[in-house]
Amino acid sequence: MTIRNLLASAALAVLAMPAAADVKVGMITTLSGGGAGLGIDTRDGFMLAIDQAGRDDVEVVIEDDQRKPDVAVQLADRMIQSDKVDVLTGIVWSNLAMAVVPSATAQGKVYLSTNAAPAQLAGRGCNPSYFAVSYQNDNLHEGAGAYATNEGFENTFIMAPNYPAGKDSLNGFKRFYEGELAGEIYTQLGQTDYAAEIAQIRASGADSVFFFLPGGMGISFLKQYADSGVDLPLVGPAFSFDQGILQAVGEAAMGVKNTSTWSKDLDNEANAAFVEAFEAEYDRLPSIYAAQGYDTANLLLSAMDAADISDAEAFRAALKAADFASVRGDFEFAANNHPVQDVYVREVIKEGDIFTNKIVGTAIEDRSNAYVDDCSM
């Protein structure tokens, strides 16, 4: 059964029999505007896992946050108070997560993060009901810092948007980078014109550039950088080189190194099956957002098999056990409910007409996160 047919059947079932499913999930994600591709991949990866499992004890309510914190808060309040969801998930952007997660967990709801994992929620703001299934925001950028150091870069210019994930990004890079900084700037969230920043890079004396610009921001920067004639090596996290961005940027991204906790060529059975199923269902390659959505759904299903959602302590323990086959291979949570995992180095390549990534190395092995000791759980 296709996802479309599955959702249609579910809607008819609700009309005929209004009894609630065993677990009701509220997915708030970005389905419109410049970041829509990220939320669509998140949704599609999550729903693929639900569809594959053939479960009738999960109901998923999906809404578009429009990348606006106030909209996300309104949706979360409605889902908790009116829809009576048990679990929330799906938020892509860290500023939206900061607006939603503390309130949701304070109301006793489980939040499973498919992407956003800000430092504030990993340290003193950790919560037994909050699980970052993706990473801790700093992780991929820490990998980029380690890679830049190993490559011998000594004067890197670094740049990210001015919001929680952007600050985590540059902090993470600097934590593992041993060289000097030619410049450090924060851009506006959603910015599309980078002429001024590229001029600063050109004049900085840098020997390399690290940037974190997800979604449409990354597309704009990469195209403008390629047209500028500045010829410095670029390094970035997977978010700036996901499948949607690569097809839009094209040749300008070829050969660029980026860091990720997942790649379509990771050699494990669960990942091979996921990539094949995703491409068959949606006629495109999955991104890291889709992979994380898929893992999040399978984590939830594994917990449902081990405990009843009505027993909050047992259900949290079942989530913490992470007894599922992750597309990233071995998967476990650190004490603050964030993954312990490898960070890989990938290179942008072309397979036929499709731009994609291949793993060329490992930046950091078994990385937890910098905030775990600040968490009192």
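Good morning. I begin with Tyr 177, which counts as buried at 7% relative accessibility. The model under discussion is a predicted one.

Tyr 177 has an aromatic partner, Phe 173; the pair is tilted, with 5.0 Å from centre to centre and 35 degrees between the planes. Phe 173 is itself buried, its relative accessible area being 0%.

Phe 173 brings us to helix α6, where the buried residues include Pro 164, Leu 170 and Phe 173. The helix runs over residues 164–176, 13 residues in total, and spans 19 Å from the first C-alpha to the last, close to the 18 Å expected at 1.5 Å a residue. Among the elements that cover the buried residues of α6 are helices α4 (94–106) and α5 (139–150), together with strands β6 (155–161), β7 (180–187) and β8 (208–211).

I turn now to the aromatic pairs, of which a search of the whole structure finds 19. The pair of Phe 173 and Tyr 177 was tilted. How are the rings of Tyr 194 and Phe 221 arranged? Their centres lie 5.7 Å apart and their planes stand at 85 degrees, so this pair is edge-to-face. Tyr 194 belongs to the loop between β7 and α7 (195–203), while Phe 221 sits in helix α8 (residues 216–228); the pair therefore ties together parts that are 27 residues apart in sequence. Tyr 194 counts as buried at 0% relative accessibility, and Phe 221 is buried with a relative accessible area of 0%.

Finally, one aromatic cluster is formed by Trp 93, Tyr 135, Tyr 163, Phe 212, Phe 239 and Tyr 289. Over the face of Trp 93 lies Arg 67, at 4.9 Å from the ring centre. Thank you.

Notes:
Residues numbered from 1 in each chain as written. Predicted model: local features only at pLDDT ≥ 70, side-chain atom pairs only at ≥ 80, totals over all residues. Heavy atoms only, no water. Helix = DSSP H or I, 4+ residues; strand = E, 2+ residues; numbered from the N terminus. Expected span 1.5 Å × (residues − 1). Buried < 20%, exposed > 50% of the residue type's maximum accessible area, 1.4 Å probe, protein only. Contact = heavy atoms within 4.5 Å. Phe/Tyr/Trp six-rings, centres within 6.5 Å; stacked < 30°, edge-to-face > 60°. Lys NZ or Arg CZ within 6 Å of the ring centre and 35° of its normal.
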